[in-house]
Amino acid sequence: MFRTQVLLLMVCSVVGVAAPAVAQPQRVGLEVGAHFESLHVDDAGSISTGIGGRLTVAVAPWLAIEGELTFFPRDDYKVTSRINGEDVGIIYNRRRVDALVGVKAGMRGPRVGVFGRVRPGFTRLTDRGVDCLQVCALILIAPPKYDTALALDLGGTVELHWTPSTLMRFDVGDTMIRNRADATAPPFSSGTTHNFTTRVGVGFRF
């Protein structure tokens, strides 16, 4: 929760200083990009990595609307316990797809840009089967039932501009996911999880 409050403060601070940036001469237009993402899955205590793409439309030098799609080929959930010094349990093998659309606001200088972002969207899990870690009885394990869940990406972005048309981008944030009670099989629970995310990517402006 503290992490979310810090991110919210960072977003508000960046947006608060965005207005003076309007007077700066900046390039406005269309941007496409690609990124690698690291998602620290809060309820699983694991880290998933994915690759994705982004489309950004700058409507002002300090404001942009962007959509992002990220695919995680492995987003496994482990349920384990320690018995005689060994981890014993179940591995729920999953894939994840995140789709986000929202706004990015801040200020951009000739070489560096700093932004806050708020992007609602959806996350979708797909079952890849269940495995045992050491010993378990698969016949007694209920098959997982996944569904599309609401998501909200809140965080900050730093851009380093190599040229007026190319940039490198670093994102940090909290991807909040609203899990439904019937979204998964036990031991998954309903409620909102906070998942720390980082992204590294490149972008090209037109």
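## A tour of the chain and its salt bridges

Among contacts in the chain (heavy atoms within 4.5 Å) between residues at least 6 apart in sequence, 66% join residues at least 24 apart. The model you have open is predicted, so local features need pLDDT of at least 70 and side-chain atom pairs count only at pLDDT 80 or more, while totals for chains, interfaces and linings use all residues. Residues are numbered from 1 along each chain as its sequence is written, and side-chain values use heavy atoms, with hydrogens and water left out.

Followed along the sequence, the pattern reads α-β-β-β-β-β-β-β-β-β.

Now turn to the charged side chains. The structure holds 20 salt bridges, each being a side-chain nitrogen of Lys or Arg within 4 Å of a carboxyl oxygen of Asp or Glu.

Select Arg169 and Glu66, which form a salt bridge whose closest N and O atoms are 2.8 Å apart. This pair links distant parts of the chain, since Arg169 belongs to strand 8 (residues 166-179) and Glu66 to strand 3 (residues 63-72), 103 residues apart. Both Arg169 and Glu66 are buried.

Move on to Arg199 and Glu68, a salt bridge in which the closest N and O atoms are 2.9 Å apart. Because Arg199 lies in strand 9 (residues 191-205) and Glu68 in strand 3, the pair ties together parts that are 131 residues apart in sequence. Arg199 and Glu68 are both buried.

For the last pair, select Asp153 and Arg119, whose side chains meet in a salt bridge (2.9 Å, N to O). Asp153 sits in strand 7 (residues 149-163) and Arg119 in strand 6 (residues 112-133), so parts that are 34 residues apart in sequence are tied together by the pair. Asp153 and Arg119 are buried as well.

Finally, select Glu37, Glu66, Glu68, Arg117, Arg119, Asp153, Arg169, Asp171 and Arg199 together, which salt bridges that share partners join into one network.

Note on methods: Helices (H or I, at least four residues) and strands (E, at least two) are DSSP runs, numbered from the N terminus. Buried means under 20% relative accessible area, exposed over 50%, partly exposed in between (1.4 Å probe, protein chains only).
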